[in-house]
Amino acid sequence: MKLFVIFVILVMFAAPSYAATKCTDADIIRTDLTAKYNEFLVRSIMLPDVSILEVYASNNRLTWSIIVVDPSEEMACMVDYGGGQNALTAAIDEYLGPPT
């Protein structure tokens, strides 16, 4: 849990402040992304601290969201959101580094 908290604090400085403050039950965020924004899980990545980075996007990538989930607590924080494939690729690269 400590590593997850540290990760979220670090992400807060890299992501828009609105996004970094949106933490709640993971199922609530997942349901809202699907129901309100028609976004679905397109990528799930295990991070070194055992949290999970989940990428949600609409079918045409007009909107997307990135959340970080602490599986032990089933809590999630919205860390980034936006629109367009290029912006999504840039956001993923920001958190994970560009592909090698």
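## The sheet

Two strands count as paired if DSSP finds at least two bridges between them. In this predicted model, five strands form an open sheet in the order 1-5-4-3-2, with antiparallel pairing. Strand 1 (22-25) and strand 2 (40-46) are the edge strands. Each of these pairs on one side only. From one strand to the next, the twist averages 25°.

Inside that order, strand 4 (residues 64-70) runs antiparallel to strand 5 (residues 75-82). Seven bridges join strand 4 and strand 5. Val69 stands opposite Ala76 of strand 5.

## Helices on the sheet

Helix 3 (residues 26-37) packs on the sheet. This helix touches strand 1, strand 2, strand 3, strand 4 and strand 5. The direction of helix 3 makes about 110° with that of strand 1.

Helix 4 (residues 85-96) lies across strand 2, strand 3, strand 4 and strand 5. Helix 4 runs at about 25° to strand 4.

## Confidence

The chain has a mean pLDDT of 80. A pLDDT of 70 or more is reached by 76% of its residues. Among the elements, strand 3 (residues 52-57) has the highest mean pLDDT, 95. Helix 2 (residues 17-20) has the lowest, 42.

Over residues 1-20, pLDDT is below 50. Beyond near neighbours in sequence, this stretch has 29 contacts in the model. Where pLDDT is low, predicted coordinates should not be read in detail.

Note on methods: Residues numbered from 1 in each chain as written. Predicted model: local features only at pLDDT ≥ 70, side-chain atom pairs only at ≥ 80, totals over all residues. Heavy atoms only, no water. pLDDT = per-residue confidence, 0-100. Helix = DSSP H or I, 4+ residues; strand = E, 2+ residues; numbered from the N terminus. Contact = heavy atoms within 4.5 Å. Axes fitted to C-alpha atoms, helices over the stretch in contact; angles between N-to-C directions.
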